[in-house]
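Dear colleague,

Please find below the structure that I am handing over to you. The findings follow directly after it.

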Amino acid sequence: MMKIEITADLNIVPYCRPRINSMTKAVYNPEKYTAFKNQLAMIAKAQMQGKPPIKGAFKLSADFFKVSSANILNKKFGDTDNFVKSVLDALTGICYVDDAQCVELGTIRKFKSKNPKIIITIEEG
């Protein structure tokens, strides 16, 4: 049974739908989201140390520690499900073949943390 643990000193950026350029009709993701996804993917690749991605079912746990002074009811915080979607998308092809393999999710989000951090645990099963 493979167990993967990833710690990233990043402030989570929630998933957001792709945008469409009104002039060119090109579809794109916002720059902030793309940069976050690329950073998390790079950290995961380094921590995987060349191990192949999980090919079967997996369980994922993600703890989010976000630096923010905003009220938790403020929409700028983002929804927990969009935090998880960002992580699932960033790790696809690195830690597992496809996020559709995920059979169990667990998450904790803490705000007003002194240091931004994401702790991810993935287990086969």
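Met 48 belongs to helix α1, which covers residues 31-48. Please note that the model is a predicted one. With a relative accessible area of 3%, Met 48 is buried, because buried means under 20%. Leaving aside residues up to four places away in sequence, Met 48 touches Ile 4, Ile 94 and Cys 95. One of these, Ile 94, is 46 residues from Met 48 in sequence, yet the two C-alpha atoms are 7.8 Å apart in space.

**The overall fold**

The protein contains 2 helices and 6 strands. Along the sequence they follow the pattern β-β-β-α-β-α-β-β. The radius of gyration is 15 Å, close to the 14 Å that the globule rule gives for 125 residues, so the protein is as compact as a globular protein of that length. Along its principal axes, the C-alpha trace spans about 45 × 40 × 25 Å.

Of the 125 residues, 34% are buried. The protein exposes about 7,700 Å², and carbon and sulfur atoms supply 52% of that area. Contacts across the sequence also deserve attention: among those between residues at least 6 apart, 82% join residues at least 24 apart.

**Aromatic pairs**

How many aromatic pairs does the protein have? The count comes to 3. One of them is formed by Phe 58 and Tyr 96, which are stacked, with 4.2 Å from centre to centre and 15° between the planes. This pair links distant parts of the chain: Phe 58 is in strand β4 (residues 58-66), while Tyr 96 is in the loop between α2 (80-91) and β5 (102-111), 38 residues apart. Are these two residues buried or exposed? Phe 58 counts as buried at 0% relative accessibility, and Tyr 96 is buried with a relative accessible area of 0%.

Phe 64 and Phe 83 form another pair, which is edge-to-face, with 5.5 Å between the centres and 65° between the planes. Here too distant parts of the chain are linked, as Phe 64 is in strand β4 and Phe 83 is in helix α2, 19 residues apart. Phe 64 is buried, with a relative accessible area of 1%, and Phe 83 is buried at 0%.

**Charges over rings**

Two lysines remain to be described. The charged end of Lys 85 sits over the ring of Tyr 15, 5.9 Å from its centre. Lys 117 lies over the face of Phe 65, at 6.0 Å from the ring centre.

Yours sincerely

Note on methods:
Residues numbered from 1 in each chain as written. Predicted model: local features only at pLDDT ≥ 70, side-chain atom pairs only at ≥ 80, totals over all residues. Heavy atoms only, no water. Phe/Tyr/Trp six-rings, centres within 6.5 Å; stacked < 30°, edge-to-face > 60°. Helix = DSSP H or I, 4+ residues; strand = E, 2+ residues; numbered from the N terminus. Buried < 20%, exposed > 50% of the residue type's maximum accessible area, 1.4 Å probe, protein only. Lys NZ or Arg CZ within 6 Å of the ring centre and 35° of its normal. Contact = heavy atoms within 4.5 Å. Rg over C-alpha atoms; globule rule 2.2 N^0.38 Å. Areas by Shrake-Rupley, 256 points an atom, 1.4 Å probe, with all protein chains shown as cover.
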